[in-house]
Amino acid sequence: MNDIIHLLPDSVANQIAAGEVIQRPASVIKELVENAIDAGAGNIQVVLKDAGRTLIQVTDDGKGMSEMDARMAFERHATSKISSAADLFALRTMGFRGEALASIAAVAQVELRTRRKEDELGTFINIAGSQVESQQPGNCPTGTSFFIKNLFFNVPARRKFLKSNETELRHIITEFIRIALVYPELHFSLTHNDTEIYELAATNRRQRIAHIFGNKNNNFSRQLLPIDTTTTLVNISGYVGTPETALRNANQYFFVNGRYMRHPYFHKAVMQAYDRLLANDAGPNYFIYFDIDPGSIDVNIHPTKTEIKFENEAAIWPIITAAIKEVLGKSNAVPSIEFDV
Ligand code: ADP
Ligand code: MG
């Protein structure tokens with residue numbers, strides 16, 4: 001008689017989910033750029049107005065969506081990337097939860113234009129606060145463009161808690177760089193209020209790193225020492241900076257299977273390899289990429305968490321230090337005083 005439990009309407013459920021997935025404009029950029037990569041894009045353009053507050057536009061030349069898929073893409077838990085729990089242990093895509101677009105559409109005004117190359121006409125959809133406002137065929141290039149307008153227009157509390165444009169833009173750039181460092185073979189651009197921030201031509205890893213962090217005067221690329229180790233447990237590659245280029249605010253990046261991660265424990269392994277080579281409170285630049293059996297890590301912890309759990313962390317530690325010590329040794333970066341290890 002007096003039963004009181006009912007299912008929440010989708011728009012409410014989506015808005016609640018959005019609270020976790022979409023915290024600020026940078027989250028939108030991360031999700032849309034990751035989707036573009038999963039769609040096989042070679043070219044990804046991000047255009048922002050007011051640090052993403054009024055407009056976030058992400059355009060790709062990936063495979064596009066069919067008319068039905070374009071509509072389905074906004075449903076919660078709708079994804080083309082996994083179909084069973086077993087797939088979670090063999091993830092090769094950036095996305096898999098099927099939550100991002102549903103969440104974004106719950107808290108913003110979204111326009112989608114998408115076309116597959118086999119279709120003559122593309123699909124245009126307008127959706128705001130989870131309500132589809134229009135859907136019609138239209139002319140557009142192969143690939144996908146998302147226009148995200150007035151983020152949190154219907155969640156005043158969230159909108160109010162956004163930080164200054166400067167801070168929000170800094171978060172956006174952080175996310176953008178983390179992705180660009182993993183995909184040097186893709187062309188990326190980032191434009192804010194008609195000013196170009198990054199224009200990153202397709203290249204290799206070393207040049208991508210140098211392009212982002214170097215400047216005319218410091219010849220960043222030459223100060224990067226390559227590491228490359230293959231073991232049964234893990235492959236580790238990337239670049240570490242020479243000890244002389246260590247900084248107080250060093251650029252320190254770990255990636256695993258194409259995702260940025262934070263890993264305080266592995267950071268200590270890196271620092272140990274530089275033992276006695278660094279001036280006080282200076283840290284080395286490093287860009288270290290782990291390739292590992294997806295079944296031995298857990299990326300399914302939380303949509304926005306960047307910490308990743310490894311099965312064999314203690315066994316990986318010495319592989320990291322050995323790889324770095326070897327390359328530092330070759331580059332003659334030895335301490336002036338002899339010591340026992
Ligand atoms: P997920 O990425 O976890 O699958 P999303 O909500 O981010 O979930 O996207 C839902 C689906 O929409 C994706 O699985 C994909 O099939 C499709 N999609 C999203 N963005 C693009 C894009 N830029 N190009 C082609 N398909 C896309
Ligand atoms: Mg996604």
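Leaving aside its neighbours within four places in sequence, which residues is Thr114 in contact with? Before selecting anything, bear in mind that the model on the screen is predicted.

Start by selecting Thr114, which you will find in strand β3, the run of residues 109-115. Once the neighbours within four places in sequence are set aside, the residues in contact with Thr114 are Gly64, Met65, Ala70, Gly122, Thr123 and Thr144. Thr114 counts as buried because 28 other C-beta atoms lie within 10 Å, where 20 or more are enough for that label.

Next, select ligand 1 and display its surroundings, a shell of 23 residues in which the closest are Asn35, Ala39, Ala73, Thr79 and Gly95. Two elements, α2 (25-38) and α4 (100-106), are the ones that give two or more residues to this shell. If you colour the shell around ligand 1 by residue class, you will have nine nonpolar, eight polar and six charged residues.

From there, move to helix α6, residues 165-180, whose 16 residues reach 22 Å from the first C-alpha to the last, close to the 22 Å expected at 1.5 Å a residue. The buried residues of α6 are Glu168, Leu169, His171, Ile172, Glu175, Phe176, Ile177, Ile179 and Ala180, and they pack against α2, β1 (43-49), β7 (187-192), β8 (195-200) and α7 (205-213).

Within helix α6, pick out Phe176. This residue counts as buried because it has 23 C-beta neighbours inside 10 Å. Apart from neighbours within four places in sequence, Phe176 is in contact with Ile29, Val46, Leu190 and Tyr198.

Finish with a pair of helices. Select α8 (residues 264-273) together with α9 (residues 313-330), which pack at an angle of about 30° with their axes 8 Å apart; the crossing in which α8 passes α9 is right-handed. To see where they meet, show the side chains of Tyr265, Phe266, Ala269, Val270, Gln272 and Ala273 in α8, and those of Glu313, Trp317, Ile320, Thr321, Ile324, Lys325 and Leu328 in α9. Sorted by class, this contact of α8 with α9 has nine nonpolar, two polar and two charged residues.

Key: Residues numbered from 1 in each chain as written. Chains lettered and ligands numbered in written order. Predicted model: local features only at pLDDT ≥ 70, side-chain atom pairs only at ≥ 80, totals over all residues. Near = placed C-beta within 6 Å. Helix = DSSP H or I, 4+ residues; strand = E, 2+ residues; numbered from the N terminus. Nonpolar A, V, L, I, M, F, W, Y, C, P; charged D, E, K, R; others polar. Axes fitted to C-alpha atoms, helices over the stretch in contact; angles between N-to-C directions. Left-handed = near helix turned anticlockwise from the far one by under 90°. Contact = placed C-beta atoms within 7 Å. Expected span 1.5 Å × (residues − 1). Buried ≥ 20, exposed ≤ 12 C-beta atoms within 10 Å, placed from the backbone.
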